[in-house]
Amino acid sequence: MSIGSPGAGPGGESGEGNDRMAKKNAAVATGKKKKIAVTLPKLKLFFQFRPGKHGGDADRAVPGLDFSVVVGGAEVKAGKTAADGSIEFEIPPGQAVRVEVLGSSYAVKRVRSLEAATSVKGKQRRLSALGYELGTVDGRFGEKSDRSTLGFQADQGLEPDGIAGNQTQSKLKSEFGE
């Protein structure tokens, strides 16, 4: 039998890995439970007078609106929109989330991945996130998607033709991100 310092390995050698193992064993021996921190994804919503990102907050933002965030039927956050018209909150997985503002209730759905910017759904999702109303993101480029595309193109100084071609896709990427 060899004798060493606490956390020492065979023959008395000491090391960081051995120190961790000693602490783990001590926690198990004393019945202590480890705490695990879980970080929930955050969402930032913007309330604006018009869609897009052009102009400053004073031009677009709707600050000072009373809002509440309801998760699983319980209010988890309430307050006023920030100077840029935003609210920020965490989204727990698998929970129904609603934002209540201006007397209306909006369901918030977490999307695990974003469709490719070249796909119809990808274009629709980005237009919708930028505030262009197009109804359901369904992968069909109908009348509402066409109007949203025209509005986006006009706001961006592009030729408003309603076709989400290369220039429009490039602008969507630069305004929204990949």
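Where is Gln-153 found? Gln-153 sits in helix H4, where helices (H or I, at least four residues) and strands (E, at least two) are DSSP runs numbered from the N terminus. Before going on, note that this is a predicted model: local features need pLDDT of at least 70, side-chain atom pairs count only at pLDDT 80 or more, and totals for chains, interfaces and linings use all residues. Residues are numbered from 1 along each chain as its sequence is written, and side-chain values use heavy atoms, with hydrogens and water left out.

Back to Gln-153: its relative accessible area is 1%, so this residue is buried (under 20% relative accessible area; exposed is over 50% and partly exposed in between, with a 1.4 Å probe and protein chains only). Not counting residues up to four places away in sequence, Gln-153 touches Leu-158, Glu-159, Pro-160, Asp-161, Gly-162, Ile-163 and Thr-168, a touch or contact being heavy atoms within 4.5 Å.

Thr-168 brings us to helix H5. In H4, Thr-149, Phe-152 and Gln-153 meet Thr-168, Lys-171, Leu-172 and Glu-175 of H5. Helix H4 (residues 143-155) and helix H5 (residues 166-176) pack at about 75°, with axes 11 Å apart; the axes are lines fitted to C-alpha atoms over the stretch in contact, and angles run from 0 to 180 degrees between N-to-C directions. The two helices H4 and H5 are therefore roughly perpendicular (65 to 115 degrees; under 35 is roughly parallel, over 145 roughly antiparallel, and the rest oblique).

Phe-152 has another partner. Searching the whole structure turns up 1 aromatic pair, meaning Phe, Tyr or Trp rings (for Trp, the six-membered one) with centres within 6.5 Å. Here Tyr-132 and Phe-152 pair edge-to-face, at 5.7 Å centre to centre and 85° between the planes; edge-to-face is over 60 degrees, stacked under 30, and tilted the rest. Tyr-132 lies in the loop between helix H3 (120-129) and H4, 20 residues from Phe-152. Both Tyr-132 and Phe-152 are buried.

What do the buried residues of H3 pack against? They pack against H4 and H5, and they are Gly-122, Lys-123, Gln-124, Arg-126 and Leu-127. After H3 comes Gly-131, with a positive phi near 100°.
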